[in-house]
Amino acid sequence: MAPVLVVLGSIILYWNFAYGLERTEYAKLIALYAGLFLLFFQLIKHLKHNIKLLTYLAFGFRAVFILAIPNLSQDFYRFIWDGRMILEGFNPYLFTVESFIGQGELPVAQALELREGMGTLNASHFTNYPPINQLCFIIAGIFAGKSILGSAVVLRLLIIVADFGTLHFGIRLLKKLKIPVYNIFWYILNPFIIIELTGNLHFEGVMIFFLIWSLYLLFIGKWRWSAVVLALSISVKLIPLIFLPLFFQWFMKPSVIANGEKQSSLNPKITSTKSTLNDVLRRLWRLILFYAILIGTTALLFLPFYSREFIHNYSETVGLWFQNFEFNASIYYIARAIGYSFRGYNEIAVIGKVIPIVVIVVTLILTFFRRNKTMAELITAMLLVLSIYYFTATTVHPWYIATLLILSVFTKYKFPLVWSFVIILSYLAYLNLNKADKSENLWVIAIEYVVVYTVFLFEHFKRKPVEN
């Protein structure tokens, strides 16, 4: 297929996705998505060495969505609400939307429209979006304080700018690692990324920008700035917190020259031992300082919102993801079914407490018992830890996979790319929505995860991915 036809076909399909699709039009949803992926692979195949043209296309496709209202997610209504709340002088972490609407109070412009858009579930909980994310919402409120569409446009432009940053630092890191530069377009040009981040306004894209920038800074030796930028990433989405133990081996690996001192010819053994001990202590101090800068920067960013109520509300809201919400899970659903067979009720309350422990144990195993001393090894470890987390999680929304996808760009793993395609099936999980049984369609979810696990296990145990 000629590249010109592929580009034109992509624009037409993206336009239909942005302006002509309802979430409940399942056949159309699948057809458009599959078509976009087919054209996406054709573009990479024919143009992978034309980096400039692929860049123009990636951001040209994003431009199609500029004036679109997200059609697969309602979260952006809460983003707009939070930003306008802060501009009105309220701390968004201390109030639910319902606490105002239920009393007939309208604290922000278009309050009723925003409440209706976000839905009852979102409106009844406290916000869980960290401070840098809130800053983006504030910017939308400043430039479009009385227009939902205008706010969506501002939020979208921020996400697109972040994608430019991810492209820039992603290419630089790929070059440093001697990995083909076109790998970055498995992320930047991917229809999943364009639709879920640019289209549906999920801020994983901004978090990913800071994450990749941080890894690049770490690789070139600017570890103090890397800590600051990683704190910014955490302050958009908390998920990078899971990576923190993995930095241990990076900082503790031996230096090329142990503290720059020469051995004494009089007693080389003693001097060598002292030099080695000093070098270990220096590396340990550097690791501690890295964590201190990161934690301190994160704390400073949260400080304007701090109060006792904030701590309680925020921890309670984050806890909901482990012990209340269920969506598109895999191993958890199997464990839940087993639990139902002999206990019969409220399995998430039990399993939800076990999942964090499992993830922590796996993370510590990969931290201390797997080699993570090169950047490629470190990124691969991040990919594996995050994969285990999502494999065991009670809730896996489609846009969560974006972080796996960007990490895979720097490794030999391709299962996140496959997952970015089959993840569209999660939108079919509620085919029973208009029936008496409104539970998820587990057969649809099973198809998704059979494909993902098959590719993952094949890559991990058969192909033995090589790390650069």
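Buried residues have under 20% relative accessible area, exposed ones over 50%, and partly exposed ones fall in between (1.4 Å probe, protein chains only). The model in these views is predicted: local features need pLDDT of at least 70, side-chain atom pairs count only at pLDDT 80 or more, and totals for chains, interfaces and linings use all residues. Residues are numbered from 1 along each chain as its sequence is written, and side-chain values use heavy atoms, leaving out hydrogens and water.

**View A. K237 pairs with E204.** These two form a salt bridge (a side-chain nitrogen of Lys or Arg within 4 Å of a carboxyl oxygen of Asp or Glu), with their closest N and O atoms 3.8 Å apart. K237 sits in the loop between helix 12 (223–234) and helix 13 (248–252), and E204 in helix 11 (residues 204–219), so the pair ties together parts 33 residues apart in sequence. Helices here are DSSP runs of H or I, at least four residues, numbered from the N terminus. K237 is buried at 15% relative accessibility, and E204 is buried at 6%.

**View B. E98 meets R115.** Here the closest N and O atoms of the salt bridge are 2.6 Å apart. Because E98 belongs to helix 5 (residues 97–101) and R115 to helix 6 (residues 111–123), the bridge links parts 17 residues apart in sequence. E98 is partly exposed at 24%, while R115 is buried at 16%.

**View C. R336 joins E326.** Their closest N and O atoms lie 2.7 Å apart in this salt bridge. R336 counts as buried, at 14% relative accessibility, whereas E326 is partly exposed, at 27%.

Technical notes
Helix = DSSP H or I, 4+ residues; strand = E, 2+ residues; numbered from the N terminus.
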